[in-house]
Amino acid sequence: MEQHLPLIWAVLIATAVFLYVVMDGFDLGIGILFPWFPEKDERDVMVNSVAPMWDGNETWLVLGGAGLYAVFPLAYATIFPALYMPLILMLLALIFRGVSFEMRFKAHNARSQLWWDRAFCWGSYVAGFCQGIALGALVQGIRVENRAYAGGWWDWLTPFSLLTGLALLVGYGLLGACWLIWRTEGALARKARRHAWLLGIGTLACIAAISLIMPFLQSAFRERWLALPWMLYAAPVPVLLAVLAGLFFRAIPATEAREASAPHDPTGRNFRWRDGAPFLCVLGWFFLSYTGLGISLWPNIVPPSVSIWEASASPASQKFLLVGAAVLIPIILSYTAYVYWLFRGKVRVGAGYH
Amino acid sequence: MTWDFLPSALDLARFQFAFTITFHFLFPAFTIGLASFLAVLEALWLYTGRAVYLDVFRYWLKVFAIAFAMGVVSGVVMSYQIGTNWSVFADRTGNVLGPVMGYEVLTAFFLEAGFLGIMLFGLERVGKKLHFAATCLVAIGTLISAFWILSANSWMHTPAGYSILPDGRFMPEDWWAIVFNPSFPFRLAHTVTGAYLTTAFIVGGVAAFHLLRDSRNERSRTMFSMAMWMAAIVAPVQIVIGDFHGLNTLEHQPQKVAAMEGHWERQRGAPLILLGQPDMAAEETHVLLEIPRLSALILTHEWDGETPGLKDVPPEERPTNVPLVFWAFRVMVGLGTAMATLGLLSLWLRWRGRLHDTRWFLRAALLMGPAGLVAVTAGWITTEAGRQPYTVHGLLRTADSVSPIAAPAVGASLLAFILVYFVVFGAGIWFLFRLFSQPPHMAEEGPEEMEPIRTSGITPGPAMHHAGPHGATHGDPAKRH
C-alpha cells in the first residue's frame, strides 16, 4: 500500500485538476464568448446557465492547490514560486470574475452593468490565458535546486507558454460554446453552433501545433512519442482524438436538425442528452490532450527533475488524507451531479435563476 | 536596475499576507454567522408559517450571496499565496498542515459551494424542505471550514504531535494531537462566537437604522429583537471564553501575553495598564492609566500572582511590533465590553417593552453595527502579531519561511492586490451598503427574482403556494407582478 500512495495521489490530484479545467473551463468560456454576444438578454441567459454551479467548479482549483500542499509539498513549494506572476494574475482575474457574477445582476443601471460585464469578460480572458501559460511553463520545465525554485522571475514567459495560453483560451471558448448548444435554444444556440465550428477547428489546430512542438522541447518527450515501445502505448491517444473530432463535427448539425424537428418542451426540464453530444466530444478532446500531457511528463510532477516520489509528503500524511478523500470525493461527486441534474434543461430568454 | 528603495521581500510578503488575510476574513467573519442566522430564519418560517421570517430571510439572503462570493474569491488567494510567497514554510509544514487544509476543502468548501446554488436559486425548484436542508448544509459547511482552518492556525501557535527531520521538515506523529492541539478548542470557540457576534451587530445595526425611520416595520423589529437576544446572551459568554483563551495563551505563548499587557518585567501583583504606550527602544511602557494588581488577578486569579515580562527573553525572541499587539488587544477588549453592555441594556429595555422605539438605544446599536467586525479583526491582529517572530511558534521563524522571491515581484503583486481589492471589494461593499439602506419589505424579493426574468419551466403559482405553509402566498411572484 505505502509504495502506491504517491501514485494514487498523483492520479487523484490530476483528476482534480482535470475536473477543474473542464468544469471551470466552460464557465470561463462563457465569459470568453461575451464579445460575440453583446445583447443583454443573451448575456443574462449565458450567465444564468452557469450561475448555480460556478462556485462549485472553482472549488476544484482550491482542491488542486490545497491537495498539492498536502501530498506533494515539494511540488507546491517549487511550482508556485516559479509561476508567481501568472498565478497571481490568475487569482486577481478570478476575483473580478467571481464578484461580477453576483454584481452584474444587481447593477441598477445599464452603465454599471456594462462595467461588470467587462470585468466578467476580461477576468475570464486573463484567468484562462494565465492558466494556459502556467501549464506551458510547467511542461517546459522548472529549475529546482536544494528543494527550492532556482530560476528567474520571467522564466515562465516563452513563445511556447504563450501558445499554450492561447490554446487554452480557444479551448475554453469551445467548451463554453458547446455548453450553450446544450443549455440554450433558438437564436442563441444557433449562434453558439457557428462559434463552436470555428473554435473547434481552432482548438484542433492548437492541439496539433502543441503536439508537434512538444517532442522538441525535451528528449524525454521525444522518446515517449516517437520511439518504441512507448510509441505503441501512446498511439491510441491521437487516434481516439481523430475519432472524437469526426463525431464532434457531425454532432453539431444534428443538434440543429433536432431543434427544428423536436416538439417544443414547455417545461424546459428535459435533459436532452443528445444536445450535449458536442460538449461531451470536447470533454473527450480535453481528456485525451490531458492524457497526452501525462504520458509526456510521467513520472515527473515538476519536470524535468522532480518525480512524484521525490515530491511526496510522508506516507503518514498521504494516508491520513486518503482516508478522507476515499469517503468524501464520491460524496462530493454525487451531490455535484445532483446540483447539475437539478438545474438541467434549457435556460430561456426572460428566464433566469437570478 | 537596482531596487534598493524597496523594502525587503520578507517585509513585502508579510505585508501582503497581512493585507490579503485581513481583507479575506472580513467576509467569513460575517458569513459564518449569517449562514446560521439564515438557517434559523428559514426554520422559524417553516415552523411558524409566519411570512415575516421569509421576508427577513430573503432580505439577508441577497446580502449573503454577495458577501459569500467575496469571501470565496479572496479565500482562493490564500490557498495559493502560501505557495507563491511562503514556499519554505509550505515545504516544511506541508506534511502536517497540508492534510488539515485538505480536509477543509473536502469536507467544507465543496459542501458550501455545492449547496449554495440551491440555497440561492433553488427554492422553487426543490421545494421548501430540500431547500431548508441546503441552507443548513451551507451553514454547517461554514462551521466545518472554521474547524479545520482554525485547527491549522492553532497548530502554528501551539504545535503538537510532530517530529522534525534533520532538514527542518515537520513530520506528523499523532494526528489527534495535531488537530486538537492545545490552543485549538479555545481559538475555535472564541472565533466562532466572535463571528456570531459580528453578524448579530451588523443585523442589529441595519435593523436599528430602519427602526429609526419606521419603528412599526415588523421585519425590522424581528431582526432587531433576534440580534439583541444574540448580543445579550453571547457577548457576555464571549468575555468568559476570551478569558479562557487568554489563560491558554499565557501558558503556551507568555511573550504574546506580555506584549498584550505591555509588561516588560516579570513581576508579582502586576497592574492592568488601561492606557499607555509601549516603547520598544526604551523597553518600557509609558503608562497613562493603570489599575493596581488587576492584571495579576485576571491572568493568575491571585492578587499577587506572577506574570511574565517581555524582558524574560532576548529581544530577538520578542514580538516584533509590541505597540500593535498592545493596542489591537485594547480595541478588541474595549469593543467586547461595549457589546456586552449593549446586550445587557437590551434586556432591560425589552423587559420594559421599549426595545424597538428607544431612540438613543437604536442610535447606539446603529453606531455599534461594525463593532463585531472591528473586534474580530483586532483580535486576529493581536494573536498574529503577537506570535511573531515565528510562523510556527518557537520552531520556524518568519524570516526563514519566505519564498526565495525578489522584492520587485512581491512589491508588484502587492500593489496589484491592493488596487484590485479596493476596486472590486470596494464596489461589493458599497453595494452591500445599498442593500442595507433599503428597508425590508413585505413580500421581500429573493435573489432569484431580482430580474424581470424567471427560471424556465417553473410554474411560479403552484410552486409558491406550496412554499408558504398556512397559505402565506404573498411571496408569489406571479401575484406580485
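A helix here is a DSSP run of at least four residues, and a strand is such a run of at least two. With that in hand, the span of residues 6–37 of chain A can be read: 88% of the span is helix and 0% is strand, and its end C-alpha atoms lie 45 Å apart. The model is a predicted one.

In the model, residues 230–249 of chain A are 95% helix and 0% strand, with 30 Å between the end C-alpha atoms.

Chain A touches chain B. How many residues does each chain bring to the contact? Chain A brings 70 residues and chain B brings 62. On the side of chain B that touches chain A, at least two residues come from each of α2, α3, α4, β2 and α13. The most come from α3(B), which gives 21 residues. By type, this side of chain B holds 38 nonpolar, 19 polar and five charged residues.

The next topic is the nonpolar core. The largest one has 260 residues, and the members that touch the most others are B:L38 and B:A231. The element that gives the most to this core is α2(B), with 23 residues. For B:A231, contacts beyond four places in sequence can be listed: B:A200, B:F201, B:G204, B:M339, B:L342, B:G343 and B:S346.

Now consider a helix of chain B, α8, which runs over residues 254–261. Is α8(B) mostly covered or mostly uncovered? Mostly covered, since seven of its eight residues are buried. A residue counts as buried if 20 or more other C-beta atoms lie within 10 Å of its own. The buried residues are B:Q255, B:K256, B:V257, B:A258, B:A259, B:M260 and B:E261. Among the elements of chain B that cover them are the helices α7, α9, α10 and α12 and the strand β4.

One of these covering elements, α7(B), can be followed in detail. Two packed helices are described by the angle between their axes and the distance between the axes. The axes of α7(B) and α8(B) come within 5 Å and cross at roughly 120°. α7(B) is therefore oblique to α8(B). In this contact, B:G246, B:T249 and B:L250 of α7(B) meet B:P254, B:K256 and B:V257 of α8(B). Three of the contact residues are nonpolar, two are polar and one is charged. After α8(B) comes B:G262, with a positive phi near 75°.

Notes. Residues are numbered from 1 along each chain as its sequence is written. Chains are lettered from A and ligands numbered from 1 in the order in which they are written. This is a predicted model: local features need pLDDT of at least 70, side-chain atom pairs count only at pLDDT 80 or more; totals for chains, interfaces and linings use all residues. A residue is buried if 20 or more other C-beta atoms lie within 10 Å of its own, exposed if 12 or fewer, and partly exposed in between; C-beta atoms are placed from the backbone. Two residues are in contact if their C-beta atoms, placed from the backbone, lie within 7 Å. Axes are lines fitted to C-alpha atoms, for helices over the stretch in contact, and angles run from 0 to 180 degrees between N-to-C directions. Angles under 35 degrees count as roughly parallel, over 145 as roughly antiparallel, 65 to 115 as roughly perpendicular and the rest as oblique. Ala, Val, Leu, Ile, Met, Phe, Trp, Tyr, Cys and Pro count as nonpolar, Asp, Glu, Lys and Arg as charged, and the others, Gly among them, as polar. A nonpolar core is a set of buried Ala, Val, Leu, Ile, Met, Phe, Trp, Tyr and Cys residues joined through C-beta atoms within 7 Å.
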